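Please prepare a short briefing on the structure shown below. Keep it plain and group the points by topic.

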2 protein chains.
Amino acid sequence: MSVVDRLRDALGDAVRTDDAALDAVRSDTWVRSIVAELAGRAAPQPAAVVEPASTAEAAVVARLCREAGVPVIPVGGGSGVVGGVLARPDAVMLSTAALTGIVEVHEEDLLAVVRAGTNGWELEQELQARGLTTGHWPQSIRLSTVGGWVATRASGQFSTAYGSVEDLVLALEAVLPDGRVLRTRRTPRAASGPDLRHLLLGSEGTLGLVTEVTFSLRPLPERRLAQAFSFASFRAGLEAIRRSMAVGHRPPVVRLYDGVEADRHFGAYAPDGHAFLVLVHEGPRGVVEAEVALVADLCRAAGGRTADAAAAEGWLAHRSEPPSARPFLERGVAVDTLEVAATWSVVGDLYDDLLAAVGALPGVVSVSAHSSHSYRSGTNLYLTFAAAPDDGDLAAAYDACWAESMRVTVRHGAGISHHHGIGRVRRPWLAAELGDTGVALLRALKRALDPDDLWNPGVLLPPS
Amino acid sequence: MSVVDRLRDALGDAVRTDDAALDAVRSDTWVRSIVAELAGRAAPQPAAVVEPASTAEAAVVARLCREAGVPVIPVGGGSGVVGGVLARPDAVMLSTAALTGIVEVHEEDLLAVVRAGTNGWELEQELQARGLTTGHWPQSIRLSTVGGWVATRASGQFSTAYGSVEDLVLALEAVLPDGRVLRTRRTPRAASGPDLRHLLLGSEGTLGLVTEVTFSLRPLPERRLAQAFSFASFRAGLEAIRRSMAVGHRPPVVRLYDGVEADRHFGAYAPDGHAFLVLVHEGPRGVVEAEVALVADLCRAAGGRTADAAAAEGWLAHRSEPPSARPFLERGVAVDTLEVAATWSVVGDLYDDLLAAVGALPGVVSVSAHSSHSYRSGTNLYLTFAAAPDDGDLAAAYDACWAESMRVTVRHGAGISHHHGIGRVRRPWLAAELGDTGVALLRALKRALDPDDLWNPGVLLPPS
């Protein structure tokens with residue numbers, strides 16, 4: 001009896017093998033997968049898609065697949081951009097599509113217990129109708145799921161004040177590769193051994209399936225104020241952010257665009273080629289008003305010129321529309337974004353060198369960056385590149401841009417991934433990021449939980 | 001050749017077997033260890049104390065002990081209170097006493113790289129002389145080491161604004177049980193697989209030795225303001241804190257004492273038996289002033305009466321003086337503190353039930369609590385008990401108070417340890433905290449890193 005038959009015996013209609021179901025989960029939105037698809041080499045159909053409706057059903061899938069030695073590939077919203085989901089003919093795709101809905105909202109404790117397949121946008125609509133928010137707002141919010149946020153260690157656009165997903169998750173439930181169910185305790189903080197939530201956060205489907213997430217919520221802020229500044233250089237803008245972070249200001253949104261991106265997105269608001277900083281402040285009225293004034297002083301002291309706050313309002317209105325690479329790829333242009341992170345003393349040089357190195361590659365027609373998540377000790381850089389290779393080889397041009405970006409980032413001692421994860425695209429550089437001991441440690445964890453390497457093989461961990 | 005001889009061959013004078021050295025590391029300050037010592041049953045001397053002067057030397061200790069199958073017990077400042085350090089005759093105590101000093105302070109990046117044995121107080125003196133701080137200020141700061149903070153998942157008195165140790169550590173270095181050295185990357189945030197820092201944070205010496213810690217610093221705040229309020233009940237004070245946390249205020253210090261403790265510590269400032277709230281606010285001038293006024297409004301709305309801020313100043317002046325149980329124990333009174341954590345909807349009942357249950361135990365003469373670390377979703381409770389058993393059996397009285405506290409905490413679904421760790425004293429309740437799957441997962445990690453169970457055996461993990 002095949003594993004698919006056994007799954008169907010146990011779970012009935014939760015097991016799907018129709019073309020529509022199989023085709024829908026063949027890959028996430030990694031540019032390399034789209035390139036392959038456009039070239040007629042799309043990922044194969046998997047053996048089956050299973051959509052458990054409960055944690056217990058998900059545990060059955062884990063157990064049966066382990067018994068049969070069959071690969072399991074967890075699938076959420078499919079909005080990943082690093083190749084974390086790619087079907088293979090022998091694999092079972094373990095989808096959270098039927099594992100949806102809010103289990104509980106607790107207003108006094110500011111908690112929401114949410115099943116992992118719940119769409120981010122739908123969750124926020126329900127919470128905001130009650131005056132609450134998770135504080136997590138990725139650009140992919142209309143596509144992504146809360147389980148995906150945990151599995152990839154996502155950051156949202158409001159992270160500078162509210163933190164990334166690891167700061168927002170109070171507890172979680174997960175099915176481990178052997179079918180056991182982990183439930184961490186509903187407590188605001190613990191010193192009870194290593195924090196087990198962190199085994200699943202960033203595990204990218206390799207160590208189990210997140211089935212339920214308990215968020216520590218916030219009430220919607222009493223006050224939101226936006227402001228914007230232009231700077232003669234990207235470095236001057238970075239310095240304004242650094243000084244603001246150092247003294248403890250925490251506007252949820254702190255986005256600094258370089259001259260190229262400022263011209264593209266905020267052309268009407270800033271002198272040509274100037275960097276552009278968008279700030280959104282939130283919180284209790286008096287506190288926010290004080291913060292706005294103090295941050296404005298710091299921006300001006302760093303050379304910033306006050307710009308029309310309408311620029312920030314415009315950004316707010318369109319912040320949930322992820323760009324699609326497909327139209328560019330169809331026209332023979334390889335485009336992508338990638339995010340890295342660095343300390344303040346590194347980030348300026350890293351910016352210069354990334355732009356110079358990627359810009360010098362054959363066929364590259366555009367490269368630019370912005371910073372969108374800041375910390376006391378540094379910030380991220382979000383690079384956007386476009387290459388129109390003469391020979392039409394989009395995959396090669398794309399790979400070259402990524403490889404050069406990763407090489408430059410590693411050379412500077414910076415972090416190769418701020419919030420999109422490793423997936424397949426960054427896998428060759430994981431050892432440079434974690435060191436050989438870090439990779440060995442991750443591999444030891446993997447062996448301890450998934451000794452047969454069945455869960456999302458080919459993702460995250462480099463081949464041994 | 002014994003392991004001690006082999007260690008001495010490799011490390012010379014770093015290996016100590018003199019009585020003074022052996023006696024100094026026999027235990028931490030766990031009350032049970034003091035009780036045993038007073039009864040003439042102090043912990044035995046270990047086989048040796050090794051004080052490596054470098055990470056490489058610490059790695060040699062790990063390798064030689066693994067080869068010899070000899071237990072390794074990491075030792076920091078010895079200020080632990082849960083029995084995390086207890087010598088045995090066959091063990092090598094791996095001390096960080098010679099692994100001290102600040103390696104680097106980077107003012108632009110707000111980073112300090114510190115060797116694990118560095119004393120917390122000395123670190124803060126050096127940093128504050130440069131206008132910087134870690135933001136971590138445990139009551140034990142004059143005794144404890146930065147490595148100990150990481151190993152126990154410590155929280156400091158300023159955690160409500162600045163977070164606990166896991167929020168302050170940007171990177172760390174550790175020697176694993178097989179002698180490999182893990183160094184995490186110097187980057188402000190990463191999505192590069194599960195966060196490996198969290199394997200060491202809270203590992204209590206069972207998964208390796210933290211050798212170096214990189215802190216993300218803060219400049220000393222521009223402004224510090226203190227205020228205080230009294231409340232007719234502990235619950236009214238909790239409600240004031242809950243409302244303040246909910247809307248996003250973050251005074252670093254938020255300490256609410258129940259009537260018993262308020263009379264003890266702040267008798268001059270509050271009506272008899274009233275709960276007492278001490279608040280310290282820090283940050284940029286205008287922001288702090290706004291926060292102070294808004295939090296005061298929330299406190300008064302919850303029934304708080306403004307008290308003399310001098311009470312808070314008095315607390316600040318004496319905040320680094322950990323109480324000693326020894327004088328009480330010598331007089332036949334078993335005393336201790338223990339901290340648990342709970343969500344807001346649970347903490348009021350938990351407080352009542354803890355006080356009632358412990359208070360009803362034979363010989364208990366005093367039980368009281370305060371809250372000292374708050375979050376959007378809950379807070380901690382810091383219980384203090386004293387028992388004067390008729391039969392003079394301090395250990396039995398002490399164990400009964402702990403057992404009852406843990407049982408009540410577990411029954412409420414609350415967290416059994418807020419920030420002192422598990423050690424030996426909480427070990428019987430770890431399965432109630434993490435669940436059987438959580439313990440199995442922790443055990444799988446342990447087997448993966450320390451298959452022979454040589455590192456700090458008897459601590460954290462319950463016997464299998």
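The model is predicted. In it, chain A and chain B bury about 6800 Å² between them. The largest nonpolar core has 239 residues.

**The interface between chain A and chain B**

- The size of an interface is often given as the accessible area lost when the parts come together.
- Of the roughly stated figure here, about 6800 Å², carbon and sulfur atoms give 58%.
- A:R185, A:R189 and A:R376 supply 13% of the area that chain A buries against chain B, which is more than any other three residues.
- Chain A brings 89 residues to the contact, and chain B brings 89 residues.
- The rule finds 6 salt bridges across this interface.
- A salt bridge joins A:R189 and B:E166, with the closest N and O atoms 2.6 Å apart.
- There are also 49 residue pairs in polar contact across the interface.
- On the side of chain A that touches chain B, helix α17 (residues 430–449) of chain A gives the most, with 13 residues.
- That side of chain A divides into 43 nonpolar, 28 polar and 18 charged residues.

**The largest nonpolar core**

- Within this core of 239 residues, those with the most contacts are A:F215, B:F215 and B:F231.
- Beyond residues up to four places away in sequence, B:F231 touches B:A236, B:G237, B:A240, B:L256, B:H274, B:A275, B:L277, B:C299, B:A302, B:G303 and B:G304.

**Helix α3 of chain A**

- Helix α3 of chain A spans residues 31–38, and its buried residues are A:V31, A:S33, A:I34, A:V35 and A:A36.
- The cover over these buried residues includes α14 (326–330), β16 (334–343) and α16 (394–411), which belong to chain A.
- Just after this helix comes A:G40, with a positive phi of about 80°.

**A loop residue, B:Q157**

- B:Q157 sits in the loop between α6 (146–152) and α7 (159–162) of chain B.
- Is B:Q157 buried or exposed? B:Q157 counts as buried because its relative accessible area is 5%, and the cut-off for buried is under 20%.
- The side chain of B:Q157 reaches the backbone oxygen of B:R319 at 2.8 Å.
- Leaving aside neighbours within four places in sequence, the residues in contact with B:Q157 include B:W137, B:P138, B:Q139, B:P252, B:V253 and B:R255.
- B:W315, B:R319 and B:H373 are also in contact with B:Q157.

Note on methods. Residues numbered from 1 in each chain as written. Chains lettered and ligands numbered in written order. Predicted model: local features only at pLDDT ≥ 70, side-chain atom pairs only at ≥ 80, totals over all residues. Heavy atoms only, no water. Core = buried A, V, L, I, M, F, W, Y, C linked by side-chain atoms within 4.5 Å. Buried < 20%, exposed > 50% of the residue type's maximum accessible area, 1.4 Å probe, protein only. Contact = heavy atoms within 4.5 Å. Buried area = accessible area lost by both parts, 1.4 Å probe. Salt bridge = Lys/Arg side-chain N within 4 Å of Asp/Glu carboxyl O. Polar contact = N/O pair within 3.5 Å; in protein donor to acceptor, adjacent residues only side chain to side chain. Helix = DSSP H or I, 4+ residues; strand = E, 2+ residues; numbered from the N terminus. Nonpolar A, V, L, I, M, F, W, Y, C, P; charged D, E, K, R; others polar.
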